[in-house]
Amino acid sequence: MTTQLILLGTAGGPAPKRTRSAPAQAIVVNGATYVIDCGNGVARQLVLAGIPLDSLRAVGITHHHSDHNADYGNLYLLAWAANLERRVPAFGPPPLAEMTQHFLAMNRFDIDTRVADEGLRPLDQLLDPREIAADGVVFEDENVRITAARVDHPPIVDAFAYRIDTADRSIVISGDTAPCENLVRLADGADVLVHEVMYVPAVDAMVSQYNGTTLRDHLLASHTSVAQVGALAKEAGVGTLVLSHFVPTDADIPDEVWREHAAAGFDGEVVVGRDLLRL
């Protein structure tokens, strides 16, 4: 067995970026694909990565910010049009089940038309939303065991990181979080930690171009500076730290700046993530 991690999108924030796609990761094991987060364009990123859409086995949402869930329903809708025929569980915080029903209602005309005209199995039969509200194992099959841990991402209470354990690797996806001991515990001894990062010196220039009046306060309270992430990775004892969810995304900050700050106090390998990178 060889487990692969593919960074489908490494941007931070919901607005489309010129250099990176919205947050999403794929873990591929034995030809089966497990997707964590569904930012805008996730289905196309899977295709660009050469991953068949009908290989989906489960979909996880870390939290309900639009850069992480905007294409949750669309991933199913587009995979369904690309020959997905099996029921695929989705797990994430409330109101995942209600969101799923609203998505199906919004697309009812297209769904019913394709069922009648093309003979597709009803899309409703393929979606299986499972809401989570506590730490613990949230999904398990013959390839993976996925464990959730609540992280610190105010004002959202139900925000989770996920650990994916396979026969040959352990991979942790931080989601969005401020420095958080619960995440450190989840990542204890993991082979790979994919962690969000923010370069604080560039934040003021970014927020000056944004309509929201309290964005800076939110970013500083609920995200992790790249200068902090190395210490967290060291405390967790992970082998490789992968930087992703870059804030700011389009500030033309050199990779070496991200790497240098993240490597401070960390003895393992630091990877500056990019879209479609395989690890």
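Trainee: What makes the contact between Arg-130 and Asp-128 a salt bridge?

Mentor: The closest N and O atoms of Arg-130 and Asp-128 are 2.9 Å apart. A salt bridge needs a side-chain nitrogen of Lys or Arg within 4 Å of a carboxyl oxygen of Asp or Glu, so the pair at 2.9 Å qualifies. This is a predicted model, in which local features need pLDDT of at least 70 and side-chain atom pairs count only at pLDDT 80 or more, while totals for chains, interfaces and linings use all residues. Residues are numbered from 1 along each chain as its sequence is written, and side-chain values use heavy atoms, with hydrogens and water left out.

Trainee: Why is Asp-128 put in one accessibility class and Arg-130 in another?

Mentor: Buried means under 20% relative accessible area, exposed means over 50%, and partly exposed lies in between (1.4 Å probe, protein chains only). Asp-128 has 17%, so Asp-128 is buried. Arg-130 has 37%, so Arg-130 is partly exposed.

Trainee: How many salt bridges does the structure hold, and which residues are linked in a network of them?

Mentor: There are 10 salt bridges. Arg-108, Asp-112 and Asp-124 are linked in a network. Within it, the closest N and O atoms of Arg-108 and Asp-124 are 2.7 Å apart.

Trainee: What makes Arg-108 and Asp-124 a link between distant parts of the chain?

Mentor: Arg-108 is in helix α5 (residues 108-118), Asp-124 is in the loop between α5 and β6 (127-131), and the two are 16 residues apart. Helices (H or I, at least four residues) and strands (E, at least two) are DSSP runs, numbered from the N terminus. Arg-108 at 26% is partly exposed, and so is Asp-124 at 30%.

Trainee: Where do Glu-118 and Arg-114 lie?

Mentor: Both are in helix α5, 4 residues apart, which is about one turn of the helix. Glu-118, at 45%, is partly exposed, as is Arg-114 at 29%.

Trainee: Why is the pair of Tyr-199 and Trp-258 called edge-to-face?

Mentor: Rings of Phe, Tyr and Trp (its six-membered ring) pair if their centres lie within 6.5 Å; planes under 30 degrees apart count as stacked, over 60 as edge-to-face and the rest as tilted. The Tyr-199 and Trp-258 rings have centres 6.0 Å apart and planes at 65°, so the pair is edge-to-face. Tyr-199 is in the loop between β11 (192-198) and α7 (203-207), and Trp-258 is in helix α10 (residues 255-263), so the pair ties together parts 59 residues apart in sequence. Phe-246 also pairs with Trp-258: the centres are 4.9 Å apart and the planes at 70°, so this pair is edge-to-face. Phe-246 belongs to strand β12 (residues 240-247). Tyr-199 and Trp-258 are buried, and so is Phe-246.

Trainee: How many aromatic pairs are found in the whole structure, and which residues form one aromatic cluster?

Mentor: The search finds 6 aromatic pairs. The cluster consists of Tyr-34, Phe-91, Phe-139 and Tyr-162.

Trainee: How do you know that β12 is paired with β11 and with β13?

Mentor: Two strands pair if DSSP finds at least two bridges between them. β11 and β12 have 7 bridges and run parallel, with Glu-196 opposite Ser-244. β12 and β13 (residues 269-272) have 4 bridges, again parallel, with Thr-240 opposite Glu-269. From β12 the chain passes through α10 to β13, a β-α-β crossover that is right-handed; that term means that, with the strands pointing away from the viewer, the path from the first strand over the helix to the second runs clockwise.

Trainee: What makes β12 count as mostly covered?

Mentor: In β12, 8 of its 8 residues are buried.
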